[in-house]
Amino acid sequence: MDMAKLTPTQRAKLPARKFGLPEKARTPEARKETGNYPMPDHGHAVSAKRLARKNRKDGNLTKDEFDRIERKADKVIESND
């Protein structure tokens, strides 16, 4: 499966609820930044899970943040199956 890349402009247009950590994506400018895990589709949800695992292992995510991203990604993946 080939996942489409989100440009900063496309990320800015996504609603905060489409992010793994919506509190970090409240403004269009914040949505353009990395670290808020956009999940508009199945491919991005899978990618968010992979990146969250790496960032948790590296100490860049709390357990709570990691768990929230996992739950959100699982919902997106299930809804697209």
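Contact means heavy atoms within 4.5 Å. This is a predicted model, in which local features need pLDDT of at least 70, side-chain atom pairs count only at pLDDT 80 or more, and totals for chains, interfaces and linings use all residues. Residues are numbered from 1 along each chain as its sequence is written, and side-chain values use heavy atoms, with hydrogens and water left out.

**Helix 3**

Select residues 42-57, which form helix 3; helices are DSSP runs of H or I with at least four residues, numbered from the N terminus. Its 16 residues reach 23 Å from the first C-alpha to the last, close to the 22 Å expected at 1.5 Å a residue, where the expected span is 1.5 Å times one less than the number of residues.

Next, colour the buried residues (under 20% relative accessible area, 1.4 Å probe, protein chains only). Among them in helix 3 are Gly 43, Ala 48 and Asn 55. What covers the buried residues of this helix includes helix 4 (63-79).

**From helix 3 to helix 4**

Select Lys 49 and Glu 70, whose side chains meet in a salt bridge (3.0 Å, N to O). The term denotes a side-chain nitrogen of Lys or Arg within 4 Å of a carboxyl oxygen of Asp or Glu. Lys 49 in helix 3 and Glu 70 in helix 4 are 21 residues apart. Lys 49 is buried at 15% relative accessibility, and Glu 70 is buried with a relative accessible area of 15%.

**The loop and helix 4**

Finally, select Glu 23 and Arg 68, which form a salt bridge at 2.6 Å, N to O. Glu 23 lies in the loop between helix 1 (8-13) and helix 2 (28-32), and Arg 68 lies in helix 4.

Conventions
Helices (H or I, at least four residues) and strands (E, at least two) are DSSP runs, numbered from the N terminus. Buried means under 20% relative accessible area, exposed over 50%, partly exposed in between (1.4 Å probe, protein chains only).
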